[in-house]
Amino acid sequence: MSRLSRMKAPLISIALALAATVGLLLVVDAPPIEALGQLWDGSLGRLEKIPDTLITWSPLVLASAGLIVTFQAGMWNIGVEGQIIAGAIGAALVVRELTMPAVVVIPIAFVVGTAFGSAWAVVPGWLRTRFGVHEIFSGVALTFLAGSVAVYLIIGPWSRAGIASTSGTDPFPTEYWLPTVGDYSWVAIALALISVAVVFVLMRGTRYGLRLKAVGRNEFSAFLMGVRTKRYMLSSFAICGALAGVAGTVQALGFHHKLVPAVSGGYGFLAILVVLLAGFRALWTPAIALFFAAVLVGSTQLSLRLNIDSDLAGVIQGVLVLAILVVGGWQARHARHTARQGEEA
Amino acid sequence: MALELRDIHKHYGPVRANDGVTLTFQPGELHGLLGENGAGKSTLMKVISGFIEADSGEVAIDGTPIDLRSPADAITAGIGMLHQDPLVFLPFTVLDNFLAGSGGGVRLDRKEGAARLEEAARRYGFTFDPHTLARNLTVGERQQLEIARLLWLGARVLILDEPTTGISASQREKLFEVLRRLAEDGMIVIFVSHKLEEIEQLCDRVTVMRHGRVVGDAVMPVPAHQLVQLMFGDITTTPGRLPAALGDIAVRLAGVTVTERLVTVSELDLEVREAEVLGLAGLEGSGQRTLLQACAGLIPPRRGSLTIGGRAMAGSGYREFRAAGVHYLPAGRLEEGLVRGMSLAEHFELTSDRTSFFVDWGTAAERADEGIRAYSIKGGAASTAESLSGGNQQRLLLAMMPGATRLLLLEHPTRGLDIESAEWVWNRLLERRASGTSIIFASADLDELLRYSDRVAVFFAGRVISVVETPSTTPDELGHLIGGRSGPA
């Protein structure tokens with residue numbers, strides 16, 4: 001496939017999704033141009049909304065960067081959502097238990113959050129490489145489990161004094177919140193950008209990335225070449241989980257400022273879409289994640305101003321997925337067709 | 001009714017799987033279709049049974065052309081196919097399996113079905129219990145079930161593709177009895193096999209295919225050596241191989257029993273010396289691949305001992321075999337050797353000895369260019385593995401081989417290559433041998449086996465039935481051995 005047509009695929013998908021959304025808005029009698037304008041206004045169009053969009057964008061990019069590593073290894077790490085929750089739990093544990101200056105506590109929270117996320121990811125990786133349990137099933141199970149552990153902590157050991165509520169733990173002390181400049185959570189943004197750069201270099205310029213890609217594309221060939229395939233698979237889970245753990249820590253310390261049941265915000269699942277749309281290429285994820293973050297954040301404005309349910313964001317995402325599949329399928333067919341013509345020529 | 005095939009063509013890219021096949025099958029006849037692996041038998045049968053569409057040509061029943069676009073069309077026309085692996089739903093009962101493929105409307109007439117199943121069972125002597133689970137049936141009984149189902153669906157042509165793979169001798173006798181009775185009832189029975197012995201035992205008529213064409217058609221019995229010659233063609237051996245001075249024993253197998261999926265190689269004793277070339281002959285699935293994989297350390301033997309370079313390899317894994325100088329090149333170049341989607345530079349880098357964390361792709365491309373030149377690969381450093389032709393893929397695989405090897409294990413090293421490429425490959429391999437490397441290779445090409453091997457081990461049904469010295473063996477003799485017969489009849 002030529003470079004141009006590879007770049008076109010996500011753009012065509014997004015255009016298709018937008019067109020379908022406009023159609024949908026017309027059906028519910030909403031002014032489509034104004035609605036899209038509100039989406040834009042509520043996310044990136046106005047300066048004061050941009051920080052909100054970026055704090056959604058950061059964990060999404062972190063999780064996406066991690067997923068690229070597992071996907072390149074041919075591992076469907078669907079459990080990344082649970083790995084974000086595990087990271088958030090680890091970070092919450094640190095800020096609840098330690099009473100030291102923020103410059104000490106916040107880095108420790110990141111380290112522990114990263115370790116928790118990584119450990120949570122290694123479980124499906126280990127089940128896959130040791131026992132052949134498919135990582136999709138164990139990943140889904142472990143996501144449920146992580147969510148249950150979070151709920152248990154919130155209504156149990158970490159419940160607010162006198163209240164048994166699933167609305168979350170007590171807020172963390174403000175000095176342990178991620179620092180901001182203006183309203184920008186610069187730590188989160190910086191970590192997201194670094195993760196993209198690291199994954200890009202890892203996959204593009206290192207022997208590790210080269211072997212990992214070989215494992216993902218043809219495990220048996222890679223094994224015959226002498227690659228320790230299982231180790232590489234397992235390590236891809238560890239790396240992805242670590243980045244998901246960072247995302248969880250950002251969610252806990254930088255956005256919710258406490259542990260809530262839905263601390264992961266669905267970004268793990270959304271990241272899967274981001275990565276599919278990006279075609280597993282790290283450099284594409286920031287832009288595509290920005291689009292998703294803008295739709296998510298902007299849709300809250302939509303409900304306030306136009307009285308359209310903010311679930312429209314979910315609809316747009318869903319339509320986008322279908323558009324990706326349709327465009328992807330069309331492209332694959334087109335590629336086969338061209339290949340056949342080439343053969344006959 | 002008679003089934004006629006007229007000028008059937010089916011090409012896969014440059015491969016002519018069927019190249020103008022014209023053939024007639026008569027009712028009441030047990031018609032054998034004989035040919036080596038890759039002769040085009042299975043493709044032809046898939047065309048007749050609607051699994052694939054021919055590029056051109058016509059299938060006609062009693063002179064009327066029929067339109068075959070799916071297996072459903074075929075069965076409507078009365079053509080049923082029994083696959084190598086019977087299509088059986090294991091968790092279902094025998095009766096439910098029988099009913100599962102039945103046509104008709106929404107309503108399922110279990111009573112009617114049960115009666116028909118019983119009738120078929122009585123007529124043909126099937127032994128299974130309709131209410132047992134299909135997973136409890138032997139492979140032979142699953143075939144019976146499938147035959148019963150096809151008959152119920154109105155099959156008047158029954159195609160069996162290598163039906164004796166994986167079933168016991170007594171099950172085979174039983175199957176043959178059923179097939180004879182079906183033919184007596186006026187059905188067309190097409191029996192596809194590459195086993196001479198079975199065709200001789202069962203069939204009234206035989207058609208031999210080679211390279212996608214019909215090369216012979218005769219009423220049985222036909223002298224075996226004629227069939228062998230039709231199957232393999234006229235072979236001109238040129239014993240141009242220089243005898244090499246053999247060294248110490250490089251590989252020794254003693255009483256090795258090893259199982260891979262359906263194939264078990266039992267009680268194998270074999271010695272290969274340094275600089276010796278051992279050819280493995282036999283029909284596909286007779287145990288050659290199993291032996292090679294055991295020697296590569298991919299499947300641990302269940303019994304017996306395996307020694308490489310004087311070192312007992314029991315309990316060692318693939319990486320230890322690799323470290324001991326063993327290199328394995330499987331038949332599937334793109335599936336089991338190269339990585340689709342990765343460039344030649346990436347392949348060279350993957351198999352290099354370098355261990356630096358970062359890869360400098362600039363110098364990697366230069367090194368790839370060197371390898372490409374040295375092995376005359378038609379492709380660039382940035383070309384993907386799948387963009388190469390088969391011959392160039394094989395060249396790339398040879399270029400990726402480690403520098404020092406003790407034992408090379410090769411599956412069909414020149415399959416699908418043109419003569420020039422094949423010779424080039426063998427020159428490279430013989431260079432390795434000259435420096436003391438032992439070579440064990442499996443091939444279906446008698447000429448290749450006799451030309452390059454010092455000895456040829458002939459496999460039949462998981463056993464080495466004979467080890468022959470090449471200079472004193474004729475292609476004819478080898479062909480007979482491969483077919484499971486000890487000599488010309």
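Start by selecting A:M233, which is buried, with 22 other C-beta atoms within 10 Å. The cut-off for buried is 20 or more, so A:M233 passes it. Keep in mind that this is a predicted model.

**Stop 1: around A:M233**

Show helix 10 of chain A, residues 229-256; A:M233 sits in it. Now look for its contacts beyond four places in sequence. Select A:A73, A:M75, A:G125, A:R128, A:T129 and A:V215: each is in contact with A:M233. In sequence, A:Q72 and A:M233 are 161 residues apart. In space, their C-alpha atoms are 9.7 Å apart.

**Stop 2: where the chains meet**

Colour chains A and B separately. Here 16 residues of chain A are in contact with 19 residues of chain B. Select helix 8 (207-217) and helix 9 (219-224) of chain A; each supplies at least two residues of the side that touches chain B. Which helix of chain A gives the largest share of that side? Helix 8 of chain A does, with six residues. Now colour this side of chain A by residue type: six are nonpolar, five polar and five charged.

**Stop 3: the domains of chain B**

Move to chain B and colour by domain. Domain 1 covers 3-232. Domain 2 comes in two pieces, 235-325 and 404-489. Domain 3 covers 339-401. Between the centres of domain 1 and domain 2 of chain B, taken over C-alpha atoms, lie 34 Å.

**Stop 4: a sheet in chain B**

Zoom in on strands 19 and 20 of chain B. They run antiparallel and are joined by six bridges. Pick B:A457 and look across: B:V467 in strand 20 of chain B stands opposite.

**Stop 5: helix 17 of chain B**

Select residues 475-482 of chain B. Is helix 17 of chain B largely enclosed or largely open? Six of its eight residues are buried, so the rest of the structure largely encloses helix 17. Highlight the buried ones: B:E477, B:L478, B:G479, B:H480, B:L481 and B:I482.

What covers these buried residues? The cover includes helix 8 (224-232), strand 13 (277-281), helix 16 (446-452), strand 19 (455-460) and strand 20 (463-469) of chain B.

Finish on B:G484, which follows helix 17 of chain B. The phi of B:G484 is positive, near 90 degrees.

Key:
Residues are numbered from 1 along each chain as its sequence is written. Chains are lettered from A and ligands numbered from 1 in the order in which they are written. This is a predicted model: local features need pLDDT of at least 70, side-chain atom pairs count only at pLDDT 80 or more; totals for chains, interfaces and linings use all residues. A residue is buried if 20 or more other C-beta atoms lie within 10 Å of its own, exposed if 12 or fewer, and partly exposed in between; C-beta atoms are placed from the backbone. Helices (H or I, at least four residues) and strands (E, at least two) are DSSP runs, numbered from the N terminus. Two residues are in contact if their C-beta atoms, placed from the backbone, lie within 7 Å. Ala, Val, Leu, Ile, Met, Phe, Trp, Tyr, Cys and Pro count as nonpolar, Asp, Glu, Lys and Arg as charged, and the others, Gly among them, as polar. Domain bounds come from an automatic or database domain assignment. Two strands pair if DSSP finds at least two bridges between them.
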